[in-house]
Amino acid sequence: MAQPTFRRFWIRILPDGSALPQFDPETGKYCGFESYPGQVAQIIFMAITPSLAEKIQANGDRAEPSQLPTLTFDILPGTKADFHRAGSLRLEPMHVCGFCEAEFAPELDTCPRCLAKNRWYCGACDALVENPIIDQKARQVRCPVCEATIPRGLRGIRRIGDFAEEKHFTHYVLTIGGERHIILDYKRR
Amino acid sequence: MAETATIYRLYGSSGAKQSLAGIVGRFCTQDGIPGLNNPCKIPASGVYHSFWVTDCLGITGDFNQVRDIYIHGDEGFAEDWGLDSANGGGLFVGVKDTGDNGLPIDVTLHGSNEYAQAGGTVGTDGYAIDNVSNGHPAYRSLTTKKVDFDTCSADAPLRIDSGPYTDDFYSKAWVLQLWTVPTSTYGAKSPKTVIATYNIF
């Protein structure tokens with residue numbers, strides 16, 4: 001179950017000067033939806049502060065403080081403005097180490113914390129084999145030392161497991177008078 | 001609370017939903033979470049198919065409306081997995097002739113339930129999505145039936161469900177199937193990513 005991690009939040013300023021924030025600054029409660037039926041004078045995007053992030057998390061949402069710049073969009077009276085948030089859920093493959101439970105990128109064969117990796121064991125040599133013969137057609141993994149005499153299969157010793165991590169990204173889409181603005185919730189490197 | 005989103009895979013005759021969080025959604029030749037059992041085979045001739053998989057997006061939380069659900073991949077499935085797309089191998093997704101490409105899976109939410117359990121010869125070959133007799137009932141009689149999932153990129157995602165939904169929901173489902181040919185390569189494959197996107201109001 002993945003939730004978006006908020007690093008900036010919006011404040012909607014109404015024509016009478018009142019403000020409708022996405023998160024209540026006192027309690028951190030998620031109180032705003034992206035769409036608002038009435039006229040809006042301004043939308044401000046502000047970085048989540050450390051104290052607000054704590055309050056938001058206490059309410060069950062996910063947030064982390066950031067130093068993203070404040071963005072202000074003025075909406076002139078009579079101008080059509082559409083505003084919504086876009087969510088993106090990715091199933092990212094990951095490795096997990098069976099020894100130390102470190103989670104790491106699938107490109108790595110070896111656990112970066114404890115150096116564990118999947119190995120092959122030869123019972124005849126009573127040794128771990130570094131460079132086994134992988135015969136994909138015969139679906140066999142054999143010992144290169146024994147191959148010259150009596151070919152022998154190897155036993156896999158699996159120490160690295162696989163799982164998919166859900167990663168949730170979000171950004172805002174604000175269209176004012178036909179002009180589209182994408183407001184990211186993270187800093188592009 | 002803001003929304004919580006999860007991708008589910010449907011199994012069995014009734015389409016029981018299993019979250020894919022924390023596990024690996026492998027393609028295989030059985031209907032069920034496979035682990036390392038019943039992997040896809042390389043045929044001596046012709047084409048072998050994985051059992052098709054039926055996935056959907058589930059969203060709960062506080063929102064006015066969710067709509068415009070699309071999926072895309074990180075591209076290069078056929079190349080990275082050595083499926084030999086030039087000779088018919090590849091990862092395919094079921095498509096409709098018009099409207100949403102997703103499969104209605106809930107009468108209340110979508111108006112009908114077109115889920116179909118995957119079938120075939122366990123351990124060897126699944127029914128092709130587009131097979132006219134035992135393919136997927138929701139796609140096999142259509143004009144296009146399926147497209148190469150590698151064409152569903154971030155710039156051209158596939159629309160699964162236009163919605164809208166105003167309360168907790170499961171989206172329409174997408175149906176994926178892996179095809180292997182004699183020139184496809186054996187062995188474990190590198191991990192790849194599927195991304196579901198949506199607009200929330």
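This is a predicted model: local features need pLDDT of at least 70, side-chain atom pairs count only at pLDDT 80 or more; totals for chains, interfaces and linings use all residues.
## Where chains A and B meet

In strand 14 of chain B, B:Thr197 is the bridge partner of A:Ser88.

- The contact takes in 33 residues of chain A and 33 residues of chain B.
- Between them, the two chains bury about 2,900 Å², with 56% of it on carbon and sulfur atoms.
- On chain A's side, A:Met1, A:Leu89 and A:Leu91 supply 20% of the area buried against chain B, more than any other three residues.
- If you're wondering about the area figure, the size of an interface is often given as the accessible area lost when the parts come together.

**Charged and polar links**
- You'll find 2 salt bridges between chain A and chain B.
- A salt bridge joins the side chains of A:Arg85 and B:Glu3, at 2.7 Å from N to O.

**What chain A brings**
- Two elements of chain A give two or more residues to the side that touches chain B: strand 7 (81–97) and strand 14 (160–176).
- Strand 7 of chain A has the largest share of that side, with 11 residues.
- By type, the residues on the side of chain A that touches chain B split into 14 nonpolar, 9 polar and 10 charged.

Key: Residues are numbered from 1 along each chain as its sequence is written. Chains are lettered from A and ligands numbered from 1 in the order in which they are written. Side-chain values use heavy atoms; hydrogens and water are left out. Contact means heavy atoms within 4.5 Å. Buried area is the accessible area (1.4 Å probe) that two parts lose on being put together, summed over both. A salt bridge is a side-chain nitrogen of Lys or Arg within 4 Å of a carboxyl oxygen of Asp or Glu. Helices (H or I, at least four residues) and strands (E, at least two) are DSSP runs, numbered from the N terminus. Ala, Val, Leu, Ile, Met, Phe, Trp, Tyr, Cys and Pro count as nonpolar, Asp, Glu, Lys and Arg as charged, and the others, Gly among them, as polar. Two strands pair if DSSP finds at least two bridges between them.
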